[in-house]
Amino acid sequence: MGKVLEKNSVSANEKENKKKVFIKTFGCQMNVNDSERIKGILKNLGYEFTNDWKEADLILLNTCTVREKPDRKVLAHIGEYKKVKEFNPNAKIGVCGCLAQRMGEELNRRAGGVIDIMFSSYNIHHLPQLLEKAEKGEKAIEILPEPPKDEWEMFEYPTIRENPYWAYITIMKGCDKDCTYCIVPQTRGKERSRPIRSILQEIKDLVKDGVKEIHLLGQNVTAWGKDFENPIPFSYLLYKIAEIDGVERIRFTTGYPTDLTDDVIKAMGEIPQIADALHLPFQSGSNRILKLMHRYYTKEEYLEKVYKLKEVKPNIAMSADVIVGFPGETEEDFLETLDVLEKVRFEQLFSFKYSPRPGTPAAEYPDQVPDDVKTERMHRLLEVQKRIMNEEAKKYEGRIVYPLFERYSDGKLIGRSSENKWVEVKTDRKDLLGKIVPVKVNRASVYVLYGDIVES
Ligand code: SAH
Ligand code: F3S
């Protein structure tokens, strides 16, 4: 780390006249973690952070392109932020992340040429050089077709995280699956697992700084270790992390059903720190649609995984992603999806209307579902899900849950329970911040559990 820090250390002169950066992050947790890394790099360069884009010297958009809606959002935001150049002609606009990767220079043309800096998620650590170039008034655009050899160097920079008690940790990047609807393999590249030593070291450092909960991240996190010369199972990594003194809770996102093998399920049962929650996208309940999506499991196999999980972790709160209106989806196919909702009883569900992505096979499928049909199915799905979530929430009343308190505001401690539920407690016990504490739930709404601390 020393080498990198030295290379970009801040001179006294720069310190006096700090530049301000405004960062806007779209999309998934991987982007959130990438932005945390970008913040670390910029802080090293002497930047100060601002929440007001109007006073920024650098506006950076970390973008998403997984569906059409985020594309439109990003373009609208660039349209707004470019006005910064009216108040501050030296201000720079930077764009990174998946939309930058997908569109490259075309995005700059669409945005009227206002973008000064562009880079991939592969080369975040090249930002200092790109900024230098932009400062000279040159366009600094470096969209790489694939990850460079020095990609993992970006982990040598410090990361600036919002919360001191839990942390995202990227353990792999990219995805080797070929879901026919998905743009991610194009924008994030092939699966690359981060070396185990680097992961364990980051976690050890975080724990020393007071972090209690770690959240492992990857587009396909359960495939970690498969691409090493000598492959290592993901379950091994889980055991090694659990051995680190001070790791009190472990989560991981996103798992892929077929990669959630028996050894991982066993580890989830055996390792007490692994949270009682799992996000496991199923996308569709119809085997015909799953095949068209190139998902490598059937509805029955997915349910089997869930039942096995519930055996080793009876209180597990399941969540998932689901797509409505994939090309060719019939009413019968859709009813199969609703059936999965009824059988699993997800406590949280992220549902998306199918959105054709340029260059993906499904975008070319002939039998696209009309938007009004997608909307109508989405309404019905949400109705079913709302009922299930209301019913499931009730089971928490009277139960003891274990939130990690991460915030104190308005006389309340707020934290997430092992089941990934927000828990609120009215109290003046600020000393419990950063601790996992038993709470008896008095009232449960769908998103928040209200209760009192159980005094020992
Ligand atoms: N495994 C990845 C998934 C990335 S995309 C990860 O979490 O990092 C997140 C979700 O967006 C997918 O699970 C899928 O449900 C949805 N999605 C992806 N492409 C889509 C598309 N073209 N239309 C609608 N939803 C899509
Ligand atoms: Fe996308 Fe499928 Fe991978 S949803 S991120 S291609 S597992």
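## The shell around ligand 2

A residue is near a molecule or strand if one of its heavy atoms lies within 4 Å of it. In this predicted model, the residues around ligand 2 are Cys175, Lys177, Cys179, Tyr181, Cys182, Val184, Pro185, Tyr256 and Arg295. By class, that shell has 7 nonpolar, no polar and 2 charged residues. Here Ala, Val, Leu, Ile, Met, Phe, Trp, Tyr, Cys and Pro count as nonpolar, Asp, Glu, Lys and Arg as charged, and the others, Gly among them, as polar.

## How the model is read

The model is predicted, and local features need pLDDT of at least 70, while side-chain atom pairs count only at pLDDT 80 or more and totals for chains, interfaces and linings use all residues. Residues are numbered from 1 along each chain as its sequence is written, chains are lettered from A and ligands numbered from 1 in the order in which they are written, and side-chain values use heavy atoms, with hydrogens and water left out.

## The shell around ligand 1

Ligand 1 has 13 residues around it, of which Gln219, Thr254, Gln283, Asp321 and Ser355 come nearest. The shell divides into 5 nonpolar, 4 polar and 4 charged residues. Strand 13 (317-324) and strand 14 (348-353) each supply at least two residues of this shell. Helices (H or I, at least four residues) and strands (E, at least two) are DSSP runs, numbered from the N terminus.

Polar side-chain atoms lie by oxygen atoms of ligand 1 in these cases: Thr254 at 2.5 Å, Gln283 at 2.7 Å and Asp321 at 2.7 Å. Taken alone, ligand 1 exposes 550 Å², and the protein buries 87% of that. Accessible areas come from the Shrake-Rupley method with a 1.4 Å probe; for residues, only the protein chains shown count as cover.

## Aromatic pairs and charges over rings

The structure holds 14 aromatic pairs. Rings of Phe, Tyr and Trp (its six-membered ring) pair if their centres lie within 6.5 Å; planes under 30 degrees apart count as stacked, over 60 as edge-to-face and the rest as tilted. Tyr181 and Phe326 have ring centres 6.3 Å apart and planes at 85°, so this pair is edge-to-face. Tyr181 lies in the loop between strand 8 (172-173) and helix 9 (184-188), and Phe326 in the loop between strand 13 and helix 15 (331-344), so the pair ties together parts that are 145 residues apart in sequence. Tyr181 counts as buried at 10% relative accessibility, and Phe326 is buried at 0%. Buried means under 20% relative accessible area, exposed over 50%, partly exposed in between (1.4 Å probe, protein chains only).

The rings of Trp224 and Phe228 are also edge-to-face, because their centres are 5.3 Å apart and their planes at 85°. Trp224 is buried at 1%. One aromatic cluster is formed by Tyr256, Phe282, Tyr297, Tyr302 and Phe346; Tyr256 is also one of the residues around ligand 2.

A charge sits over a ring if NZ of Lys or CZ of Arg is within 6 Å of the ring centre and within 35 degrees of the ring normal. The charged end of Arg67 is placed this way over Phe352, 3.6 Å from the ring centre, and that of Lys24 over Phe26, at 5.7 Å.

## Two buried polar residues

Arg194 lies in the loop between strand 9 (192-193) and helix 10 (196-208) and is buried, with a relative accessible area of 1%. Its side chain and that of Glu202 are joined by a polar contact of 2.8 Å. A polar contact is a pair of N or O atoms within 3.5 Å; within protein, one must be able to donate a hydrogen and the other to accept it, and residues adjacent in sequence count only if both atoms are side-chain atoms.

Ser319 lies in strand 13 and is buried at 11%. A polar contact of 2.9 Å joins the side chains of Ser319 and His279.
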